[in-house]
Amino acid sequence: MANLPPTILETLMKQISLMPLWIRQVMYAQLKLDLEHTLSTQTLEAFSQEHMLQLWVPELSKDGIAMITSASGDRNAPLMRLLHLTRFKKDVANITVMNNWSLEQCSLYLKEAVERNLINRPTSGVILATIEYLAGVTRLGEYLVKINRVTEEQLDQSLRTQKYIEESMGEKTGIANVMINLGYIKKEDTEGVLFLKEESRKPFQMAEGGLQPTPSTPQAGLANRAPGLSGAAPSSPPPNFSGQPPQTAPTQTSQGFPPQQANRPPQAGFPAPPPQASSQQTPAPPETGDKSKKWGLF
């Protein structure tokens, strides 16, 4: 099986690798500073190379191989395009770039492919949890449990405290604020994860003169969120599997990249937790209702 020519992202990475070492050191230092400003150290450690969704190389299952080798099926359907690029051993970042998708959009198709057993489940639980989180299946609190930032017991206590505040004080508060005030996580942990979700809605685009930022919109790239994604009309021209990206008009802006802080979700105020809640021993309000419904409190 012949390999595809390098994609835009692969070419960019190759160009960076050919730069003088002293230039790459400057780039590394600047990127490291930028990421540490955006994400906490623990969150960065949770997304090390083996647990990073973007670097994961999906593997076709027997069902996936049968699907792409059969005569039936629309090669241009998003799921089929994902499977064909998986056949060429492309990682998630390059699959996303070649289709002009956002990472959130790619996660939707990855989720469907995993559920239909068309690709093998990732060995990393963090990668699988990230797919589900970016695809909108997993809420923030459950995601933090799956990436080992909080325990299930801490999430349970946070949910009970959140319910207590809403019922006794009549005030709505997010689960992230509750966890922060109970001392389970730091503000940077939730801000970083929420910022990652926001940024995942932006596609990677190259234009003449360099990279161009893509403004975030609540529904960016999500026209195909309904069930049966494999049959949805692609939101961009499909790749021709020649290694070249779709020819689309790049988004032009007159400004550079927006500051990282500008895209962060605002941190809402938080009322004082119930007297018995603390990061040491927190007597929980009585737990009521079906435990399976607790995730709906986010």
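Select lysine 202, which sits in the loop between helix H12 (187-199) and strand S1 (206-207). Helices (H or I, at least four residues) and strands (E, at least two) are DSSP runs, numbered from the N terminus. Before you go on, note that this is a predicted model, in which local features need pLDDT of at least 70 and side-chain atom pairs count only at pLDDT 80 or more, while totals for chains, interfaces and linings use all residues. Residues are numbered from 1 along each chain as its sequence is written, and side-chain values use heavy atoms, leaving out hydrogens and water.

**Stop 1**

Is lysine 202 buried or exposed? Lysine 202 counts as buried because its relative accessibility is 18%. Here buried means under 20% relative accessible area, exposed means over 50%, and partly exposed lies in between (1.4 Å probe, protein chains only).

Side chains of opposite charge can pair when their charged atoms come close. Glutamate 199 is partly exposed, at 28% relative accessibility.

**Stop 2: more salt bridges**

How many salt bridges does a search of the whole structure find? The search finds 9.

For another one, select arginine 201 and glutamate 198, whose side chains meet at 2.9 Å, N to O, in a salt bridge. Arginine 201 is buried, with a relative accessible area of 18%, whereas glutamate 198 counts as partly exposed at 22% relative accessibility. Bring in Glu104 as well, and you have a network of salt bridges that links Glu104, Glu198 and Arg201.

Next, pick glutamate 191 and lysine 187: they form a salt bridge with their closest N and O atoms 4.0 Å apart. These two residues are 4 residues apart in helix H12, so about one helical turn separates them. Glutamate 191 is buried at a relative accessible area of 10%, while lysine 187 is partly exposed at 39%.

**Stop 3: where H4 meets H5**

Color helix H4 (residues 62-69) and helix H5 (residues 78-87). Their axes come within 10 Å and cross at roughly 110 degrees. Axes are lines fitted to C-alpha atoms, for helices over the stretch in contact, and angles run from 0 to 180 degrees between N-to-C directions. H4 and H5 are therefore roughly perpendicular to each other. Angles under 35 degrees count as roughly parallel, over 145 as roughly antiparallel, 65 to 115 as roughly perpendicular and the rest as oblique.

Which residues meet here? Show Met67, Ile68 and Thr69 in H4, which meet Leu79, Met80, Leu83, His84 and Arg87 in H5. Sorted by class, this contact of H4 with H5 has 5 nonpolar, 2 polar and 1 charged residues. Contact means heavy atoms within 4.5 Å. For the classes, Ala, Val, Leu, Ile, Met, Phe, Trp, Tyr, Cys and Pro count as nonpolar, Asp, Glu, Lys and Arg as charged, and the others, Gly among them, as polar.

**Stop 4: loops on either side of H6**

Move to lysine 89, in the loop between H5 and H6. Lysine 89 has a positive phi of about 60 degrees, although it is not a glycine. This lysine 89 is exposed, with a relative accessible area of 58%.

Then go to asparagine 100, in the loop between H6 and H7. Asparagine 100 is not a glycine either, yet has a positive phi of about 55 degrees. Asparagine 100 counts as buried, at 17% relative accessibility.

Serine 102 is found in the loop between helix H6 (92-98) and helix H7 (103-115). It is buried at 2% relative accessibility. Its side chain reaches the backbone nitrogen of glutamine 105 at 3.1 Å.

**Last stop: zoom out**

From the N terminus on, its elements run α-α-α-α-α-α-α-α-α-α-α-α-β-β. Of the 298 residues in the protein chain, 42% are buried. Among contacts in the protein chain with a separation of 6 or more, 74% are between residues 24 or more positions apart.

Definitions and conventions. A polar contact is a pair of N or O atoms within 3.5 Å; within protein, one must be able to donate a hydrogen and the other to accept it, and residues adjacent in sequence count only if both atoms are side-chain atoms.
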